[in-house]
Amino acid sequence: MKYILKTILLLTFSISFSQSKSIDLRVEELLKKMTLEEKIGQLNQYTDDWNITGPLIVNPNKETDVKAGMLGSMLNVNGVERTRKYQELAMQSRLKIPLLFGFDVIHGYKTTFPIPLAEAASWDLSAMELSARIAATEAAASGIHWTFAPMVDIARDPRWGRVMEGAGEDTYLGTKIAYARVKGFQGKLGNLNSVMACAKHFAAYGAAVGGREYNSVDLSDRMLWEVYLPPFKAAVDAGAATFMNAFNDINGIPSTGNKYIQRDILKGKWNYKGFVVSDWGSIGEMYTHGYSKDGIEAAFSAITAGSDMDMESNTYRNTLAQLVNKKRISVALIDDAVKRILRKKFELGLFEDPFRFCNSERQKMALNNSEHTKAAREVAAKCVVLLKNEKNILPLSKETKTIAVIGPMVKPKRINHGFWAVNLKDVDSTYIVSQWEGLENKVGKNTKLLYAKGCDIEGDNKAGFQEAIDVANQSDVVLLSIGERYNMSGEAKSRSNIHLPGIQEELIKELQKTGKPIVVLINAGRPLVFNWTADNMPTIVYTWWLGSEAGNAIADVLFGDYNPSAKLPMTFPRAEGQIPIYYNHFNTGRPSINEEKLYKSSYIDLPNTPKFPFGFGLSYTTFNYSNLKLSKTKMKSNEKIEVSLDVTNTGKYEGEEIVQLYLQDKFASLIRPIKELKDFQKIKLAVGETKTITFVIDNEKLSFYNEKLEFKSEAGDFDLMIGASSEDIRLKSSFELLP
Ligand code: NOJ
């Protein structure tokens with residue numbers, strides 16, 4: 001048996017080795033035939049005009065450029081017809097090098113899944129891999145080769161609109177999610193249901209000062225390596241075909257022209273073989289940053305730093321040849337970038353058949369697939385976070401006679417998609433299940449649903465309040481769906497005020513006077529501030545933006561057909577003044593334990609603690625943690641400790657729990673956070689069931705980047721905490737790492 005396995009492994013290895021060797025040879029052969037102009041053409045990417053995701057450079061010569069072989073890739077072209085049209089033009093070029101079609105397939109294609117931050121709340125890596133897989137299947141069937149996802153930026157500032165696109169604040173969780181998403185999108189590159197992934201935005205875009213979009217980043221090397229880079233390294237390990245650099249500068253050097261980040265770390269230390277695309281116009285923007293005095297200098301910085309493809313700035317197109325002619329850069333540098341891009345075109349099988357992703361039949365089948373819809377509903381339910389359920393109003397009984405469904409989010413459809421919804425430009429949104437429809441689908445004939453909008457998301461018009469109050473008065477329970485509009489978070493959607501917008505909280509206050517039980521549903525792309533609601537409403541459900549099956553998934557959760565299991569992937573602040581706020585902070589020399597204020601690290605007008613902590617989320621059932629055991633309490637760096645504990649479902653419903661393991665290195669040459677997530681498990685337990693789960697502590701979990709940026713552990717004492725959230729620590733122990 002062992003022998004057979006070994007032979008199979010060897011065979012697989014030699015097959016893929018010889019394949020990759022032949023691709024290398026084919027790339028070299030093609031390169032020899034290319035003129036300098038054609039090579040530079042491969043480094044050039046234009047957007048199509050119908051769907052624009054950045055400031056467009058109007059270019060009436062797009063089609064001529066494709067025919068002349070002056071383009072390597074296009075973005076924002078989708079659908080079999082459109083991609084075929086451009087690919088046919090590329091086939092008229094001298095060398096017939098196929099185009100790559102890239103698109104922002106961020107959380108689904110036609111079937112829209114929850115926004116990535118919501119998916120992160122599920123902590124369910126297989127669910128995230130599946131949603132990426134389905135998105136890839138649909139996109140690939142529509143002629144797309146490449147998604148600009150996953151975004152793996154760690155984000156500790158909810159004012160930044162793009163928190164909705166990532167996995168939240170935690171590096172460990174973010175790293176696991178980055179890996180799963182890359183695997184999901186890519187499957188096996190070259191298969192007809194795979195697209196190239198793109199780990200973005202390299203690097204540290206999430207650390208933009210003040211949470212303001214496109215802003216500068218000023219951070220230490222330690223912080224860069226410890227907090228922001230690990231998810232990118234995970235993307236490399238998962239085989240991400242491409243990387244995208246970022247709009248921000250890091251310590252004064254724009255990421256796009258940042259040699260340290262791209263050439264030294266990514267392509268050097270990590271030996272990355274894929275290619276790097278710039279962000280939209282970011283090569284040209286190095287002029288505006290005040291870094292490059294003209295296009296020539298911008299191109300010089302970008303190409304030497306390791307940016308291979310120019311997205312929509314035309315800088316490479318206009319200047320690279322001059323740089324070669326003036327001998328400021330070698331042709332070898334350009335060749336390296338071209339080879340990286342050609343290699344991917346070969347791996348995708350585009351030289352065998354440039355139209356292999358253009359098949360109308362396949363497109364039709366993939367975009368109307370009931371399996372995908374079913375998966376979208378299941379994944380969406382896993383993302384709903386139950387923040388409060390004090391009076392056990394939830395789950396609702398299916399016998400409830402009259403339910404008032406109130407709020408500006410109840411009836412609209414488009415709103416459930418969240419930001420970055422691909423197909424809505426020209427596909428109608430009738431297939432999206434609104435929250436109203438989801439409830440209608442769920443309740444039986446004996447339940448009456450009453451609707452009132454109440455108010456708009458923004459503005460101060462209270463004209464609808466009375467109708468909402470009347471409807472509430474006629475009901476047994478009120479469902480109130482409020483929050484921020486889908487395009488209040490996303491790219492260029494930073495907000496200085498992240499309170500619930502408009503007069504929505506006033507509407508809640510009015511409805512409270514009816515004395516009816518109220519369930520508040522909050523729809524948002526980021527953590528919002530809603531202190532009055534949090535303190536006064538007994539039941540709060542955070543739904544984020546759940547995608548095309550939002551209505552059904554929300555109804556599944558409200559009526560207990562799915563028992564909520566999600567936990568927050570970001571800290572929810574009490575006020576904007578606490579931002580940046582994250583659980584894995586340092587202790588300081590004067591920590592404010594129990595909110596002491598005098599000469600303590602505190603605010604005089606606010607507690608330090610968040611409103612809802614990282615890792616928090618309730619279930620309709622309850623879990624008890626017990627019996628923590630460590631296989632030993634002293635370990636050497638080449639040893640491991642096995643940690644085991646029992647988790648029991650002590651409530652009335654079957655449910656899932658996300659058990660979190662945190663560590664604190666008590667004393668070190670560089671201060672360590674008060675706790676850091678180092679492992680987790682999501683387990684399902686029947687009523688009364690107990691499961692024993694185990695974690696393994698190894699040297700990697702104890703290591704950190706020291707002053708010399710070496711990733712190493714240091715001997716000493718460690719605290720181990722097992723929690724149901726970062727604050728709800730249920731079991732504790734400690735151990736020693738021996739010298
Ligand atoms: C700019 C965004 O920052 C990036 O994430 C996106 O992929 C590109 N535009 C293309 O739409």
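## The ligand and its surroundings

A polar side-chain atom of D279 is placed 2.5 Å from an oxygen atom of the ligand. Taken alone, the ligand exposes 300 Å², and the protein buries 100% of that area. The model described in this report is predicted.

In H201, an N or O atom of the side chain is 2.7 Å from an oxygen atom of the ligand. In K200, a polar side-chain atom lies 2.8 Å from an oxygen atom of the ligand. Which residues come nearest to the ligand? Of the 13 residues around it, these are T53, D104, R162, H201 and D279. Sorted by class, the shell around the ligand comprises six nonpolar, two polar and five charged residues.

## Peptide bonds and backbone angles

The backbone also deserves attention at K200 and H201. The peptide bond that leads from K200 to H201 is cis, and its omega angle is near 0 degrees. H201 itself belongs to strand 5, which covers residues 198–202.

Another cis peptide bond joins A149 and P150, with omega at about 5 degrees. Where is P150 located? P150 is found in the loop between strand 4 (146–147) and helix 7 (171–186).

K96 has a phi angle near 55 degrees, which is a positive value in a residue other than glycine. This residue lies in the loop that runs between helix 4 (80–90) and strand 3 (100–103).

## Helix 10 against helix 12

Helix 10 (residues 259–269) packs with helix 12 (residues 295–305) at an angle of about 25 degrees, and their axes are 8 Å apart. Because angles under 35 degrees count as roughly parallel, helix 10 is roughly parallel to helix 12.

On the side of helix 10, the contact is made by K259, Q262 and R263, while helix 12 contributes I303, T304 and A305. By class, this contact has two nonpolar, two polar and two charged residues.

## Helix 12 against helix 13

Helix 12 also meets helix 13 (residues 315–325): the two axes come within 9 Å and cross at roughly 85 degrees. How are these two helices oriented, roughly parallel or roughly perpendicular? Angles of 65 to 115 degrees count as roughly perpendicular, and therefore helix 12 is roughly perpendicular to helix 13.

The residues of helix 12 in this contact are G295, I296, A298, A299, F300, A302 and I303. Those of helix 13 are T315, Y316, T319, L320, Q322 and L323. By class, the contact of helix 12 with helix 13 has nine nonpolar and four polar residues, with no charged residues.

Conventions: Residues are numbered from 1 along each chain as its sequence is written. This is a predicted model: local features need pLDDT of at least 70, side-chain atom pairs count only at pLDDT 80 or more; totals for chains, interfaces and linings use all residues. Side-chain values use heavy atoms; hydrogens and water are left out. A residue is near a molecule or strand if one of its heavy atoms lies within 4 Å of it. A polar contact is a pair of N or O atoms within 3.5 Å; within protein, one must be able to donate a hydrogen and the other to accept it, and residues adjacent in sequence count only if both atoms are side-chain atoms. Accessible areas come from the Shrake-Rupley method with a 1.4 Å probe; for residues, only the protein chains shown count as cover. Ala, Val, Leu, Ile, Met, Phe, Trp, Tyr, Cys and Pro count as nonpolar, Asp, Glu, Lys and Arg as charged, and the others, Gly among them, as polar. Axes are lines fitted to C-alpha atoms, for helices over the stretch in contact, and angles run from 0 to 180 degrees between N-to-C directions. Helices (H or I, at least four residues) and strands (E, at least two) are DSSP runs, numbered from the N terminus. Angles under 35 degrees count as roughly parallel, over 145 as roughly antiparallel, 65 to 115 as roughly perpendicular and the rest as oblique. Contact means heavy atoms within 4.5 Å.
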